[in-house]
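Hi,

Here's the structure I promised to pass on. Have a look at it first, and then read on for what turned up.

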2 protein chains.
Amino acid sequence: MDELKIIEKIISEYMPKEDGLQKTIFEGMNYAVSAGGKRIRPILMYETYKLFGGNGDVIKPFMAAIEMIHTYSLVHDDMPCVDNDDMRRGKPTTHIVYGETMGLFVGDGLLNLAFETIANGMDYVDTADSKQVEAYKEAFKYISKCAGSFGMLAGQVVDKESEDKEDIDLDTIMYLYEKKTGELLRASMVVGAILAGADKTDVDIIEKVATNVGIAFQIQDDILDVIGTEEELGKPIGSDERNNKSTYVAHVGLEESKEEVKRLTNEAIELLSEIDGKNEFLEEFLTFLINRKK
Amino acid sequence: MDELKIIEKIISEYMPKEDGLQKTIFEGMNYAVSAGGKRIRPILMYETYKLFGGNGDVIKPFMAAIEMIHTYSLVHDDMPCVDNDDMRRGKPTTHIVYGETMGLFVGDGLLNLAFETIANGMDYVDTADSKQVEAYKEAFKYISKCAGSFGMLAGQVVDKESEDKEDIDLDTIMYLYEKKTGELLRASMVVGAILAGADKTDVDIIEKVATNVGIAFQIQDDILDVIGTEEELGKPIGSDERNNKSTYVAHVGLEESKEEVKRLTNEAIELLSEIDGKNEFLEEFLTFLINRKK
C-alpha cells in the first residue's frame with residue numbers, strides 16, 4: 001500500500017539517529033515506533049488534511065507527533081506497573097528488550113519528542129501570515145489536550161482504576177472508550193482539518209465524525225474479542241457468562257452492539273457527506289476501520 | 001519572600017482542579033508540584049525576562065511549564081525502576097502515596113500538561129505581530145529540546161547507565177552535569193531572554209551564563225555532599241576514599257572543586273555585566289545558588 005509507505009517515510013524522518021552518549025534511549029525509541037502498527041492516526045490526519053485541500057508540509061510533524069504519542073502510551077501501558085505485557089504485535093515489548101528503567105525513559109522520550117517535533121514544525125508556518133499562525137495554535141492546543149490528563153491519559157487512569165471492579169456502569173465504559181482510544185483518533189482528524197484551514201462548521205462536523213469512529217472502533221474491538229472467544233470455545237457465549245461487565249458488549253449484548261457499530265458508521269458517513277470536499281479513500285478507510293474482522 | 005509567593009501563585013494557576021472521573025491523577029500531579037522545592041527554574045526565567053525589560057503575560061505559562069517538567073523528572077526518577085526513593089524533601093514520594101501505576105501516569109500527565117500550558121500560552125501572543133510569534137517559536141523549540149532525549153533525559157539515561165561502573169571519566173561527568181541539571185537551568189534563563197525579545201548576542205551571553213551556573217550548581221552539590229559526609233564521619237575524606245569516581249570532586253579533589261565553582265561564578269557575573277540591562281536580584285540569586293551551604 002503506497003499510502004502506508006508515504007506515512008512510514010514521514011514518521012522516520014522525525015526519529016532520532018542512534019548516536020551520542022545517550023544512544024540507548026534513541027535505540028529504544030526507534031524500536032518502539034518501528035515495531036509496526038497500522039499507522040491509523042497519521043493516515044486519518046493526512047486524509048482529513050487532503051479532504052480540505054491541505055497540501056503543505058506543516059502536517060508532517062503533526063503526523064509524526066501523533067504516532068509518537070500513541071507509541072509512548074503503548075510503551076508505558078506495557079510496563080510491569082501497568083499491564084505488564086511482555087509481547088506486542090508478536091515482538092517483545094520495549095521494557096523487555098531494554099529493561100524497565102529504559103522503558104520508562106523511552107516513553108518519556110517519545111512524548112517529549114512529539115512536542116519537539118511540533119515545535120520544529122512551526123518552521124513550516126509563515127509567521128507573517130496570522131491565519132497560518134492561528135491554525136497552528138489551534139492544532140497544537142488540540143493535540144496536546146487530547147494526549148494528556150484531560151484526554152487519553154484520563155482514559156488510561158480510569159481504565160486502570162476500573163480493573164478491580166466487578167461491574168462498571170455503561171457511562172464509565174463510554175467515558176473510557178471516548179478517552180482512551182477516542183481522543184487520539186479525534187485529534188488526528190481534527191488537527192488535519194484545522195491545519196488545512198477548514199472553517200469552524202466543518203471542524204465541528206469532523207469532530208463528530210471522529211467521535212463516532214472512535215467509539216465504533218472500540219465496540220468493534222469488543223465484538224471481535226467475543227467472537228474470537230466463541231470460536232475458541234466452539235460455542236456462543238452470552239454477556240452474562242463473561243468475567244465481568246467491563247465492556248460495551250457485556251452490557252448491551254452482541255447483536256445490539258453490532259447494530260450500534262452500524263448506526264455510528266452510517267451517521268459518520270452521512271456527516272462526512274455534508275462537507276463540500278470529497279475523499280473516497282477516507283470514507284473507505286473509515287468503513288474498513290469500523291467493520292474490520294481483526 | 002515575596003518573589004516566591006508570586007511564582008507559587010503563577011504555577012498554581014496552571015494546575016488542574018481535582019474533579020472528573022480521572023481526579024486521582026490530578027491529585028497526584030498537584031501533590032508532586034506542591035511538595036515544594038526552591039522554584040529555582042521559574043525564578044531564573046522570570047528574572048532573566050525582567051532583565052531584558054519583559055513585562056507581558058507570555059512568560060507565565062513557560063514558568064509553570066518548566067516547573068512541571070522539572071517535577072515530572074523527579075517523579076519518574078523516584079520510581080522503583082529508577083532510583084527507588086521513598087522520600088523527597090521530607091515527604092513520601094508520589095508513587096509511594098498514589099501507587100506505582102499512578103506515579104507513572106502522574107509524571108506523564110505533568111510532562112504533557114507542560115506542553116498543554118505552553119500551547120495555551122500562545123493566546124498571549126499577538127499572532128499578527130511576527131516578532132512575537134518568532135520569539136514564541138524559539139522559546140518553544142528551546143524548552144522542548146532541553147527537556148527531552150537530547151537534553152535532560154539524555155542526562156538521566158547516562159546517569160543510570162553509569163551507576164554500575166566503578167570509574168566514570170571526567171568527560172562523562174561533565175556531560176551528565178550539563179544535561180541532567182544544566183539543561184533545564186539553561187532553558188529557564190534562555191527562554192526568559194528570548195521571550196523578552198533579547199537580541200541574538202545577548203541570548204548567547206545568557207546561554208553561557210546559564211551553562212556556568214548549571215555546572216557550578218552541580219559541583220557545589222558534590223562539595224556539600226563531601227562536606228556532609230566528612231561531618232558525619234568526623235574526619236576529612238580524600239577523593240580516593242569515596243566509593244567510586246563518579247563525581248567531579250572525586251576526580252579533581254575538594255579544594256580544586258571549590259576553586260572551579262568560584263571561577264565559574266565569577267565568569268558568569270562578568271558575562272552578565274556585558275548586558276545593557278541590570279538586575280541585581282538575578283546576580284545575587286546566582287551567587288546564592290552557586291555558593292549555597294545546603
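How many of the 20 residues of helix 4 of chain B are buried? Keep in mind that this is a predicted model. The count is 19 of the 20, so helix 4 of chain B is largely enclosed by the rest of the structure. End to end, from first C-alpha to last, helix 4 of chain B reaches 29 Å, close to the 28 Å expected for its 20 residues at 1.5 Å a residue.

Now the interface. On the chain B side, 53 residues are in contact with 53 residues of chain A. Between them the two chains bury about 4800 Å², with 68% of that on carbon and sulfur atoms.

I get four salt bridges between chain B and chain A. One of the residue pairs joined this way is Lys141(A) with Asp123(B), where the closest N and O atoms are 2.8 Å apart. Polar contacts between chain B and chain A come to 18 residue pairs, counting those with both residues at pLDDT 80 or more.

As for which elements do the touching, helices 2 (23-34), 4 (59-78), 6 (100-121), 7 (130-147) and 8 (152-162) of chain B each give two or more residues to the side that touches chain A. Helix 6 of chain B has the largest share, with 15 residues. Sorted by class, that side of chain B has 29 nonpolar, 13 polar and eleven charged residues.

Over on chain A, helix 7 covers residues 130-147 and spans 26 Å from first C-alpha to last, close to the expected 26 Å for 18 residues. Its N-terminal end is capped by Asp129(A), with a side-chain oxygen 3.1 Å from the backbone nitrogen of Lys131(A). Among the buried residues of helix 7 of chain A are Val133(A), Tyr136(A), Phe140(A) and Ile143(A). Lys141(A), the salt-bridge partner of Asp123(B), is also buried.

One last stop is Ser162(A), in helix 8 (residues 152-162) of chain A. Is Ser162(A) buried or exposed? Its relative accessibility is 5%, so Ser162(A) counts as buried. Leaving aside residues up to four places away in sequence, Ser162(A) touches Ile168(A) and Thr172(A).

Cheers

Conventions:
Residues are numbered from 1 along each chain as its sequence is written. Chains are lettered from A and ligands numbered from 1 in the order in which they are written. This is a predicted model: local features need pLDDT of at least 70, side-chain atom pairs count only at pLDDT 80 or more; totals for chains, interfaces and linings use all residues. Side-chain values use heavy atoms; hydrogens and water are left out. Contact means heavy atoms within 4.5 Å. Buried area is the accessible area (1.4 Å probe) that two parts lose on being put together, summed over both. A salt bridge is a side-chain nitrogen of Lys or Arg within 4 Å of a carboxyl oxygen of Asp or Glu. A polar contact is a pair of N or O atoms within 3.5 Å; within protein, one must be able to donate a hydrogen and the other to accept it, and residues adjacent in sequence count only if both atoms are side-chain atoms. Helices (H or I, at least four residues) and strands (E, at least two) are DSSP runs, numbered from the N terminus. Ala, Val, Leu, Ile, Met, Phe, Trp, Tyr, Cys and Pro count as nonpolar, Asp, Glu, Lys and Arg as charged, and the others, Gly among them, as polar. The expected span of a helix is 1.5 Å times one less than its number of residues. Buried means under 20% relative accessible area, exposed over 50%, partly exposed in between (1.4 Å probe, protein chains only).
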